[in-house]
Amino acid sequence: MARYTRSPEVNAVIHALVKDGWVFSQNGHGRITHPSGKYITVSISPNGKYAHKNVERDVKRLLQQLE
C-alpha cells in the first residue's frame, strides 16, 4: 500500500478513496480530488488520534454537497 501520510489510519482512508477513483496529489499538504473536480486538503503529518475521523467527516461532507 502506498504511503500518503505518516498516519496509518489516514493512509487507509486515502487508499480506499484512491481505489474508488479519487486522485491524491501532494504539494506541501495532501489533496484528495473527487472525479468531479472537488477536493479536500489533508495534512501529510496529521497530529492527533482523531485525524482519520476528521478526514472521513470531510469526505462525507463533500459527498453530501455533490448530491
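This is a predicted model: local features need pLDDT of at least 70, side-chain atom pairs count only at pLDDT 80 or more; totals for chains, interfaces and linings use all residues.
**View 1. The packing of helix α1 against helix α2.** Two packed helices are described by the angle between their axes and the distance between the axes. For helix α1, which spans residues 8-19, and α2, the axes come within 8 Å and cross at roughly 25 degrees; angles under 35 degrees count as roughly parallel, and α1 and α2 are therefore roughly parallel to each other. The crossing in which α1 passes α2 is right-handed. On the α1 side the contact is made by Glu9, Val10, Val13 and Leu17, which meet Ala51, His52, Val55, Glu56 and Val59 in α2. By class, the residues of this contact between α1 and α2 comprise six nonpolar, one polar and two charged.

View 2. Glycine 48 lies in the loop between β3, residues 39-42, and α2, residues 51-66. With a relative accessible area of 47%, glycine 48 is partly exposed, because that class covers values between the 20% limit for buried and the 50% limit for exposed. Valine 13, which is among the α1 residues that meet α2, is 35 residues from glycine 48 in sequence, and the two are 15 Å apart in space, C-alpha to C-alpha.

View 3. Threonine 33 is found in strand β2, which runs over residues 29-33. Its relative accessible area is 19%, and threonine 33 is therefore buried, since buried means under 20%. When residues up to four places away in sequence are not counted, threonine 33 touches Trp22, Val23, Lys38 and Tyr39.

Methods:
Residues are numbered from 1 along each chain as its sequence is written. Side-chain values use heavy atoms; hydrogens and water are left out. Helices (H or I, at least four residues) and strands (E, at least two) are DSSP runs, numbered from the N terminus. Buried means under 20% relative accessible area, exposed over 50%, partly exposed in between (1.4 Å probe, protein chains only). Axes are lines fitted to C-alpha atoms, for helices over the stretch in contact, and angles run from 0 to 180 degrees between N-to-C directions. Angles under 35 degrees count as roughly parallel, over 145 as roughly antiparallel, 65 to 115 as roughly perpendicular and the rest as oblique. A crossing is left-handed if the near helix is turned anticlockwise from the far one by less than a right angle, and right-handed if clockwise. Contact means heavy atoms within 4.5 Å. Ala, Val, Leu, Ile, Met, Phe, Trp, Tyr, Cys and Pro count as nonpolar, Asp, Glu, Lys and Arg as charged, and the others, Gly among them, as polar.
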